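Me: I would like to learn how to read a structure. Can we go through it step by step?

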Amino acid sequence: MKRILWIFFSVLFLPVYTFAGHLEPFKNIPVPEQNPQTAAKVELGKKLFFDRRLSGDGTTNCGTCHDPEMGYSDGLEISLHYPTTRNWRNSPTLYNVAFHKYQFHDGRAATLEDQALFPMMSAFELNQNLDYVEEEIRAVPEYVAAFTEVFGDGDTTKERIAMAIAAFERTIVSRDAPLDKYLAGDQSALSAEAEKGYALFIGKGKCTECHFGVNLIDDRFHALNVPENPEHLTDPRIAATRRFVAKVYHFEEYRTLADDPGRYLITKDMKDWKAFKTPTIREITKTAPYMHNGIFATLDEVIEFFNAGGGSGNTVLKPLQLTPEEKGQLKVFLEEGLVGAPLTMTYPKIP
Ligand code: HEC
Ligand code: HEC
């Protein structure tokens with residue numbers, strides 16, 4: 001009986017599982033009930049985002065590694081770091097992070113409110129003490145006034161700091177790209193080449209198996225086996241960071257861990273070994289280098305990787321057999337179709 005039921009359910013769900021998702025034009029940003037957006041909260045969050053008080057040595061802020069001028073990333077393979085340490089992963093763009101079901105390449109945080117405290121605490125990022133930062137912010141009268149306006153009193157708790165930063169992050173959106181206009185019925189929004197690239201994106205290229213919906217993601221993790229970044233093997237400071245994070249997440253053999261375990265670090269499920277989150281590809285021209293370890297410098301390399309059926313030994317992707325012309329068209333679509341209306345940043349005056 002159990003077996004029959006199993007077959008019944010497999011037949012029922014299998015087609016859904018393998019079905020490519022649909023693309024959708026941009027809609028409103030999701031906002032959690034517990035942290036409603038207000039103009040004053042967004043402004044406060046923006047100040048905190050760019051405030052160097054958030055770092056232990058007062059040299060860096062969130063914008064150091066998520067720089068608006070660099071697509072809210074930092075343009076490096078492996079992201080920037082706290083002095084004398086090194087980071088271990090590529091800094092992802094913050095465009096449309098509000099849409100994520102999971103934050104980080106391995107999805108170890110769920111909400112933006114949870115996520116914001118990680119880089120502050122992280123020994124190799126802002127390396128700040130959270131109790132201390134509460135007092136540092138409380139010592140600034142302008143901040144006490146702003147917290148009072150936003151939250152009803154001047155208590156500058158870490159939770160509120162995170163809420164304000166999250167509210168600001170929800171304003172970092174990529175919308176009104178040619179793809180959105182095209183999906184809304186404007187046939188002229190994509191050039192002839194980009195339109196052919198779009199057809200490949202949803203067809204022969206199979207990209208919409210994972211990059212779909214409003215934000216071109218599937219909220220899932222895949223082991224594509226992208227090539228290792230050799231720096232993981234050669235830089236002992238990266239090894240130190242990797243071992244540290246692995247220890248925090250109870251990875252038993254953290255001392256001998258030679259590469260990035262990806263989602264496995266969180267789930268300890270072998271199917272997640274080296275699986276990483278499908279990232280948004282909106283504003284993709286602004287956020288090179290690509291992948292969790294920045295191993296690809298150009299979109300050509302990324303397309304070549306998918307065309308070859310992904311990295312050696314992966315069981316997720318199959319070769320695509322795109323012609324050189326088709327690869328070019330796909331690239332034109334990625335370059336032209338996914339660039340949203342410009343988002344101009346007016347930098348805040350830090351009190
Ligand atoms: C020293 C560089 C650095 C600093 C400073 C930094 N970040 Fe990041 N950020 C990263 C890196 C690298 C990752 C990816 C880490 C991972 O996946 O393990 C990341 C990931 C994120 C993500 C997840 C995005 C996604 O697509 O999953 C968010 C959101 C974020 N950072 C916001 C912030 C905020 C807010 C601050 C300031 C409080 C901040 N970051 C400070 C480097 C930095
Ligand atoms: C099986 C799911 C899957 C399919 C199919 C897929 N992708 Fe991805 N894509 C991912 C994942 C997962 C990553 C991140 C991998 C990593 O960080 O190591 C990614 C990364 C990317 C990136 C780099 C983004 C960045 O900011 O680093 C681009 C560009 C991209 N994909 C484009 C495409 C195109 C074009 C296609 C179709 C030819 C495609 N993808 C097919 C899952 C997929």
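This is a predicted model: local features need pLDDT of at least 70, side-chain atom pairs count only at pLDDT 80 or more; totals for chains, interfaces and linings use all residues.

Me: Which protein donor does the iron atom of ligand 2 have?

Reply: Donors are N, O and S atoms within 2.8 Å of the metal (3.2 Å for Na, K and Ca); water is not among the atoms, so sites may look incomplete. Here the single protein donor is His211, through NE2, 2.1 Å away.

Me: Which residues come nearest to ligand 1?

Reply: A residue is near a molecule or strand if one of its heavy atoms lies within 4 Å of it. Of the 28 residues around ligand 1, Cys62, Cys65, His66, Phe104 and Lys277 come nearest.

Me: What lies 2.7 Å from an oxygen atom of ligand 1?

Reply: A polar side-chain atom of Lys277 does. For Arg108, a side-chain N or O atom is 2.8 Å from an oxygen atom of ligand 1. Gln115 has a polar side-chain atom 3.2 Å from a nitrogen atom of the ligand.

Me: How do the axes of α2 and α8 cross?

Reply: Two packed helices are described by the angle between their axes and the distance between the axes. Axes are lines fitted to C-alpha atoms, for helices over the stretch in contact, and angles run from 0 to 180 degrees between N-to-C directions. Helices (H or I, at least four residues) are DSSP runs, numbered from the N terminus. The axes of α2 (residues 39-49) and α8 come within 7 Å and cross at roughly 100°.

Note on methods
Residues are numbered from 1 along each chain as its sequence is written. Chains are lettered from A and ligands numbered from 1 in the order in which they are written. Side-chain values use heavy atoms; hydrogens and water are left out. A polar contact is a pair of N or O atoms within 3.5 Å; within protein, one must be able to donate a hydrogen and the other to accept it, and residues adjacent in sequence count only if both atoms are side-chain atoms. Helices (H or I, at least four residues) and strands (E, at least two) are DSSP runs, numbered from the N terminus.
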